[in-house]
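The structure comes first, and the text follows.

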Amino acid sequence: MTPLLIQDVLSALPHRYPFVLVDRVLSIENGEVHAIKNVTIGEPFFVGHFPTEPVMPGVLITEALAQASMFCLHGQMEPGQIGYLAGIEGARFKRKVIPGDQLHLHAKLEFLRRGLGKTTCRAEVDGEVAAEMQILFAVAK
């Protein structure tokens, strides 16, 4: 597939700056997504987290994975539908994510039934796992 660029991402997600946390979707195949988030020193959260040692907050890594997860349903959602975060299972954070990192977001759809779904997710930097978790979501209008 042709990668989805930022214009395509903005068409698919309801999020906008400063909360859109997917910069590009590299691939979508058989319910599996590979997307990226370029982490820069200009991110607004680095001003306070932490000024002397900037680290991307785990909750924002989780949000980036949740946003990437929605691309597992790319082309399947009706206009006006949106995915809402419903739960997080087994979240583990294994490496700091700092300015200059490119965060690779991997999500695999485990199931989607009656508007409830689950993805298995992993965030990596330079091939090293930064975070992993399962994300539960609800699809609604």
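Asp126 counts as exposed because its relative accessibility is 71%, above the 50% cut-off for that class. The model is a predicted one. Asp126 sits in the loop that links β5 (116–125) to β6 (128–140). Its phi is near 50°, a positive value in a residue other than glycine.

**Backbone geometry**

Asn30 also has a positive phi, near 50°, and is likewise a residue other than glycine. Its place is the loop between β1 and β2. With a relative accessibility of 74%, Asn30 is classed as exposed.

Two cis peptide bonds can be described as well. One runs from Tyr17 to Pro18, with omega near 5°. Pro18 belongs to the loop between α1 (6–12) and β1 (24–29). The other joins His49 and Phe50, where omega is about -15°. Phe50 is placed in the loop between β2 (32–38) and α2 (58–69).

| Site | Angle | Value |
|---|---|---|
| Tyr17 to Pro18 | omega | near 5° |
| His49 to Phe50 | omega | about -15° |
| Asn30 | phi | near 50° |
| Asp126 | phi | near 50° |

**Overall fold**

How many helices and strands does the chain have? The secondary structure comes to two helices and six strands. Read from the N terminus, the order of elements is α-β-β-α-β-β-β-β. The chain is as compact as a globular protein of its length, because its radius of gyration of 14 Å is close to the 14 Å that the globule rule gives for 141 residues. The C-alpha trace spans about 45 × 30 × 25 Å along its principal axes.

Of the 141 residues in the chain, 38% are buried. Among contacts with a separation of 6 or more, 62% are between residues 24 or more positions apart. The chain exposes about 7700 Å², and carbon and sulfur atoms supply 54% of that area.

**Pockets**

Pockets are a matter of probe geometry. Rolling a probe the size of a water molecule over the atoms shows where empty space is left.

The largest pocket holds about 460 Å³ of space. Its lining consists of 25 residues, and Ala12, Leu13, Met70, Met77 and Gly83 lie nearest the centre. Which elements each supply at least two residues of this lining? They are α2, β3 (82–93) and β6. By class, the lining of the largest pocket has 15 nonpolar, eight polar and two charged residues.

The second largest pocket has a volume of about 160 Å³. Residues lining this pocket include Ser27, Glu29, Glu32, Val33 and His34, along with His106, Ala107 and Lys108. Thr120, Cys121, Arg122 and Glu132 are also part of the lining. β1, β2, β4 (102–113) and β5 each give at least two residues to the lining of the second largest pocket. Its lining is made up of three nonpolar, four polar and five charged residues.

His34, one of the residues that line the second largest pocket, lies in strand β2. Is His34 buried or exposed? His34 is buried, because its relative accessibility of 19% falls under the 20% cut-off. Not counting residues up to four places away in sequence, His34 touches Val25, Leu26, Ser27, His104, Leu105 and His106.

Leu112 is part of strand β4. At 37% relative accessibility, Leu112 counts as partly exposed, because the value lies between the 20% and 50% limits. Leaving out residues up to four places away in sequence, Leu112 touches Leu73, Gly117, Phe137 and Val139. How far apart are Leu112 and Phe45 in sequence and in space? They are 67 residues apart in sequence, and their C-alpha atoms are 33 Å apart.

Note on methods: Residues are numbered from 1 along each chain as its sequence is written. This is a predicted model: local features need pLDDT of at least 70, side-chain atom pairs count only at pLDDT 80 or more; totals for chains, interfaces and linings use all residues. Side-chain values use heavy atoms; hydrogens and water are left out. Helices (H or I, at least four residues) and strands (E, at least two) are DSSP runs, numbered from the N terminus. Buried means under 20% relative accessible area, exposed over 50%, partly exposed in between (1.4 Å probe, protein chains only). On a 1 Å grid over the protein atoms alone, a cavity is a set of points where a 1.4 Å probe fits but cannot get out, and a pocket is an open set with protein on both sides within 12 Å along at least five of seven lines; lining residues have an atom within 4 Å of a point. Grid points are joined across faces, edges and corners, and a volume is the space filled by probe spheres set on the points. Ala, Val, Leu, Ile, Met, Phe, Trp, Tyr, Cys and Pro count as nonpolar, Asp, Glu, Lys and Arg as charged, and the others, Gly among them, as polar. The radius of gyration is taken over C-alpha atoms; the globule rule is 2.2 Å times the number of residues to the power 0.38. Contact means heavy atoms within 4.5 Å. Accessible areas come from the Shrake-Rupley method with a 1.4 Å probe; for residues, only the protein chains shown count as cover.
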